[in-house]
Amino acid sequence: TLPIRMRCPNNDVRSLISALYSPILLPGHPPVDDAFFLERTILSAKNTDVDEINSTILESFPGDTAVFTSMDSVTERDYDYIPIEFLHTLTPSGFPLHRLEVKAGVPLMLLRNMNPSQGLYNGTRMILLSWTTRILRCRVLRDGVDEGQEDDENTVLIPRMNLESNSEENPIPLKRRQF
């Protein structure tokens, strides 16, 4: 049995999101330090549930939404008959969504090891600062750093990159270019 302090008033996703993130979901919220996001995580057993929770939180977050779509293809000629539209519906384990929606100030999680020596590895949490069509400018979350601080040491640029799965890992060998 969960202790009372760990229970939400209602047994639903919106109640959970409100309990964890209500201080930052209002426009003009006061700055929060990195510990705010480092101490809060919603875990789920299914990726479809994660996608739904992320979408619900993003809707609640103030600001304009940026949408980035992936470029998908198959990696083996035997699968050339599969329509691109179908490839967009696939999300193999460890792959980002075809349609990625973000807002400035939202926390993001890195899905690949990019530069472990600089702390950019699978699971690294960051805050989105700004974006272009090819680059996400993020601040790596570190304990003891305030939201307003954007020092160059913690600021990283995340490019779109190619991710591939082969027919042994996935029924359809997919190549996706996305953040």
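Hi everyone, a quick word on ground rules. Residues are numbered from 1 along each chain as its sequence is written, and side-chain values use heavy atoms, with hydrogens and water left out. Since we have a predicted model, local features need pLDDT of at least 70 and side-chain atom pairs count only at pLDDT 80 or more, while totals for chains, interfaces and linings use all residues.

Let's begin with the overall picture. The protein has four helices and nine strands, taken as DSSP runs (helices H or I, at least four residues; strands E, at least two) numbered from the N terminus. In sequence order the pattern reads α-α-α-β-β-α-β-β-β-β-β-β-β. The C-alpha atoms fill a box of roughly 55 × 45 × 30 Å along the principal axes. Of the 179 residues, 35% are buried, meaning under 20% relative accessible area with a 1.4 Å probe, protein chains only.

Now to the inside. A nonpolar core here is a set of buried Ala, Val, Leu, Ile, Met, Phe, Trp, Tyr and Cys residues joined through side-chain atoms within 4.5 Å. Which members of the largest core touch the most others? Among its 29 residues, they are Y21, I24, F37, L136 and C138. Elements that each supply at least two residues of this core include α1 (13-21), α3 (47-60), β5 (125-131) and β6 (135-140). There is also a second, separate core of nine residues, with V74, F95, L163 and L174 among them.

Have a look at L136 on your screens. Setting aside neighbours within four places in sequence, L136 is in contact (heavy atoms within 4.5 Å) with residues including F68, L108, W131, V156 and F179.

On to the pockets. A pocket is an open set of points on a 1 Å grid over the protein atoms alone, where a 1.4 Å probe fits and protein lies on both sides within 12 Å along at least five of seven lines; lining residues have an atom within 4 Å of a point. The largest pocket holds about 1,500 Å³, a volume being the space filled by probe spheres set on the points, which are joined across faces, edges and corners. Its lining has 46 residues, and V50, N54, L108, M109 and L111 are the closest to the centre. Helix α3 gives the most to that lining, with nine residues.

The second largest pocket has a volume of about 170 Å³. Its lining includes L2, R5, M6 and L20.

Thanks, everyone!

Technical notes. Buried < 20%, exposed > 50% of the residue type's maximum accessible area, 1.4 Å probe, protein only.
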